[in-house]
Amino acid sequence: MADLRLEELNATNIVAANNLSLKPGQEQFIAPVTYAAEASVVNPDTAWQRVALSEERVVGFIHGNFDPENVHEEFRACIWRINVDAEVQGKGVGRFLAHALAEEAKRRGFDRITVLWEPGAEGPGEFFHRIGFQDVGETQYGDVIGALEL
């Protein structure tokens, strides 16, 4: 997908970000169990939330976290959530968002980013592997921990 640009999540684009569509079966993979268990400890000061726009249309959203002091290594520089509108999945939007977060992580001095996902046939594991993430572990809830070395 040509001419994607990144914009901070704000009052103007949040409704569009919240209304991104999913392909059938994807809704069960939106938030891995581990994230639900950790959500209460997410610090809004460490959140990095951006949307991808194609022309003026929001086509994707990423929520990253940068917290070098987090006791869980997998939450220090991570993709907390990534959503790409069903209509444009497979056109480079997710890769664009993940690479933007990776560049921000490098700028902040991190040498890798992580992401967690629930394993499953319709889940995001194949996508993360395609863009360079390697499985490095599993959470206590059975979610895969993937890492991308920067």
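Buried means a relative accessible area under 20%, exposed means over 50%, and partly exposed lies in between (1.4 Å probe, protein chains only). Keep that handy for the exercises below.

This is a predicted model, where local features need pLDDT of at least 70, side-chain atom pairs count only at pLDDT 80 or more, and totals for chains, interfaces and linings use all residues. Residues are numbered from 1 along each chain as its sequence is written, and side-chain values use heavy atoms, with hydrogens and water left out.

**Exercise 1. Work out the layout of the sheet, strand by strand.**

Step 1: list the elements. Helices (H or I, at least four residues) and strands (E, at least two) are DSSP runs, numbered from the N terminus. The protein chain has four helices and seven strands, and from the N terminus they run β-α-α-β-β-β-α-β-α-β-β.

Step 2: Two strands pair if DSSP finds at least two bridges between them. The seven strands make an open sheet, ordered β1-β2-β3-β4-β5-β7-β6, with mixed pairing. At the edges sit β1 and β6, each pairing on one side only. From one strand to the next, the twist averages 30°.

Step 3: Axes are lines fitted to C-alpha atoms, for helices over the stretch in contact (heavy atoms within 4.5 Å), and angles run from 0 to 180 degrees between N-to-C directions. Helix α3 (residues 93-107) lies across β1, β2, β3, β4, β5 and β7, at about 35° to β3.

**Exercise 2. Find out what N13 is up to.**

Step 1: N13 sits in the loop between β1 (4-8) and α1 (14-18).

Step 2: is N13 buried or exposed? N13 counts as buried because its relative accessible area is 3%.

Step 3: trace its polar contacts. A polar contact is a pair of N or O atoms within 3.5 Å; within protein, one must be able to donate a hydrogen and the other to accept it, and residues adjacent in sequence count only if both atoms are side-chain atoms. The side chains of N13 and E7 make one at 2.8 Å. The N13 side chain also reaches the backbone nitrogen of N10 at 2.9 Å.

Step 4: list its neighbours. Leaving out residues up to four places away in sequence, N13 touches E7, E8, V51 and V58.

**Exercise 3. Decide where to read the model with care.**

Step 1: get the overall score. pLDDT is the predictor's confidence in each residue, from 0 to 100. The protein chain averages 88, and 88% of the residues score at least 70.

Step 2: Confidence is highest in β7, at 98, and lowest in helix α2 (residues 33-38), at a mean of 45. Over residues 32-37 the pLDDT is below 50, and this stretch has 17 contacts in the model beyond near neighbours in sequence.

Step 3: draw the conclusion. Where pLDDT is low, the predicted coordinates should not be read in detail.
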